[in-house]
Amino acid sequence: MTARTGLDANLVVPDRLDAALAVGPGEVVAVVGPNGAGKSTLVHALSGLVPATGRAVLDGADLLGRTPRERSVGVVFQDQRLFPHLSALDNVAFGLRSRGADNRAARARARDWLERLAVADLADRRPAQLSGGQAQRVAIARALVTDPDLLLLDEPFTGLDVGVAAMLRIELGRHLAEFRGVTVLVTHDALDALTLATSLAVLHQGRVVQHGAPDEVAARPRTEHVARLVGLNVIREGDRLRSFSPAAVTVGLQAPADSTRNRWQGVVRGAAPHGDAIRIQVSGDRDLIADVTPAASRELALVPGQQVWLSVKETAVTTYDATS
Amino acid sequence: MSRRWAAAAAALALLSPLPGCGADADADDTLQVLAASSLTDVFTELAEDFEAEHDVDVELSFGSSTALAEQAADGAPGAVLATADETSMAVAEDAGSANPPTIFAGNVLVLATPAGNPAGITGLDDLAGTTWVRCADEVPCGRAAIDLLSSVGLDLEPDSLDEDARSTLDKVIAGEADAALVYRTDAIAAGADVVTIPVPEAESVPSSYYIATLTQAPDDDLAEAFVDLVLGGVGSEALQEAGFATP
Amino acid sequence: MSTTSTDTLGRPPLVLMLPAAAAVLLLVLPLAAMVVATDPASLVDALGSEPLQEALWLSLVTSTVAMLFCLVLGLPLAWLLARVDFRGRRLVRALVTVPMVLPPVVAGVALRAAFGRSGLFGEPLLDATGFAFPYTTWGVVLAHVFVSLPFVTIAIEGGLRTAGTAYDDAAATLGATRWTTFRRVTVPLALPGIAAGMVLGWARSLGEFGATITFNGNYPGTTQTMPTLIYVARQSDADAALALSLVMLVVSVAVLVALRDKWLVAAP
């Protein structure tokens, strides 16, 4: 086996992707971004299912000249794609058998991985007889059993019940900690990024616009999407970005008396409970979020369509460079 | 997996009889006779006689004279070819496939009407204004009808041109046509379903049936023996019974 | 016609029900009329006759063999059309479907031009091996394959497209070669479409007449299939033809029902 040096890629798919990414061995990069930013395209380009140009070097070997089967990847697809005509066990054994293992050895190893993911008792079931969480466990086992150099997880918790997702997230974290290859985790959940990832890459219109430690990116988001993801407001002023928490926002029906520059007029677009508060979305010159108490929400009649003024104290705003 | 192989083996087993039942043109114990459809009854009867006499299987392949002659010309397996007219036989002869033919039977056209003859037809002159049918130009019974009508100078358009004598007669039996110009033998074979009206003018333009041995016949003597049977007393008797004229 | 209580969308509209009922009548009436018109005595005669037994057996064997050839040739072709993006794919698909719209007799004429004893390929074949397709049982199989293969190919291609490429992709990332993927993933998942294609091809072969008689003539025991026998019988004995047709109908329906239970996904 070649020495693990990680992934160094700059993948280009015309009109869809032009993304540079460097990830060390054993590291987990979480890729976030709005729908259509190119997250799935990135996964498919890395796996070889979508043809890409540029550069992709994994542990010293060039990936781009290789077909998917020649790349040592494990993929957990967004829709799982467990073979519906095979049992859970045979699904997991498939990759081993494809790579030449004999049936008995492949099944033994597959059963071992089903055990690790706590679904060994479901080995003989077809995918249609599995719950969403069980199927995802089988899919993860199928991706890990071949001991790939590159693990690609495409929104692995989408569509799962909150409780199931939370449990599986903890377990996946344990497996990722043991995994010595490179992991690319596509997600739209800040929690995944903050709990599972060693680094966070923000994809925007096919490009990586920010890549750093998760808490660093979360504290100083450079795109509105990431700001939303981590629950912050972010405003661009020239080449500076200013971010502030929705809890720091004051909501009123009249313009604030003081002449602070941090005030915006807008219309309430939506409101939803957020912890003990009500989080309202306001659109105007800026799209902003603000947390208010339920009492204030009733008092001010903050229903969709209501005109409001938002303001924030300068001391609650963090200002940083838009580029690093 | 093993079940799949079993299925493949079963498939192969199905295939195995195929080469065995390929056209046995050179089998010693089979005589293949290509004959016009209108000869079906007569030749089926004669074939039984021949089988009893010569200890061979006679395999009869009936079809339209034109198609059979083209097949013979193409080298299709066969020992004897019998056609309902000279034109068809010429196709096989010109291709060098048929030996010089002999006329073995004659047929004349008659008018067939539905039982009871609802249109009251008595002869060719009554056809104008009725719904009447004949065989298509490409088959012997159609060519004979064209010859007959032109010989009496009648310019009549049929309401339907059918692919063979049987289809032509069916139109009359079903009552869809008032009359059909068909061979006497076809009208006789249809029995009580039709009324046969003789056409005196047809006697002057009779159709002749031709028989010949084929050059691809595996056993010339056997082929000639069958032709002899058809031309001989037994053959003539069977042909006459079915309404054919014999030389 | 009454509808079940589970039909929560309300009563089906007459504007749809009437044509649907007319369609059923149109398809069923002629066959029912044929059953009524058949004389039981001639049916008994027909069942015992050697020509029928020979022709029926020949029809079943040649249709089945043709179906297997259609599978062996049509499945790879369908896979190519459904899964491989190559230049001229649309042209190839158009070309292979042409026999679907050809009158069968034209198919027979074309086969003769290609594989006849003096045909483009037939003559060299005859010179080299002494074998020629026309007037042999293999010629019948060839004619059946020629007319059935397009139906089989198109049906299987539809099945492959319905199954989609997502699982093929998954198999590729798991290290499977295209051949392994084809065997272990593509074919099992497209099985309903493949089975439907084979049944369609088999049925098409069983009913084939025009190309078969044009290319192979009418030799009892060798090239005389059921449709040919029925056509020939009609020339001399309409009752016998009717009885033979009924036998053909019963056998066809019986086989289709058997295949449906075994292979085709039954509608709920």
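Helices (H or I, at least four residues) and strands (E, at least two) are taken as DSSP runs, numbered from the N terminus. On this basis chain C comprises twelve helices and zero strands, and its order along the sequence reads α-α-α-α-α-α-α-α-α-α-α-α. The model is a predicted one, in which local features need pLDDT of at least 70 and side-chain atom pairs count only at pLDDT 80 or more, whereas totals for chains, interfaces and linings use all residues. Residues are numbered from 1 along each chain as its sequence is written, while chains are lettered from A and ligands numbered from 1 in the order in which they are written.

The C-alpha trace of chain C extends over about 65 × 65 × 30 Å along its principal axes. Of the 268 residues in chain C, 44% are buried (20 or more other C-beta atoms within 10 Å of the residue's own, with C-beta atoms placed from the backbone). Among the contacts in chain C with a separation of 6 or more, 75% join residues 24 or more positions apart, a contact being a pair of residues whose C-beta atoms, placed from the backbone, lie within 7 Å.

Chain C meets chain A through 14 residues of chain C and 15 residues of chain A. On the side of chain C that touches chain A, two or more residues each come from helix H8 (166-173) and helix H9 (178-207) of chain C, with H8(C) giving the most, six residues.

The contact between chains B and C draws on 23 residues from chain B and 22 residues from chain C. For the side of chain B that touches chain C, E2(B) provides the largest share, four residues.

Technical notes. Contact = placed C-beta atoms within 7 Å. Buried ≥ 20, exposed ≤ 12 C-beta atoms within 10 Å, placed from the backbone.
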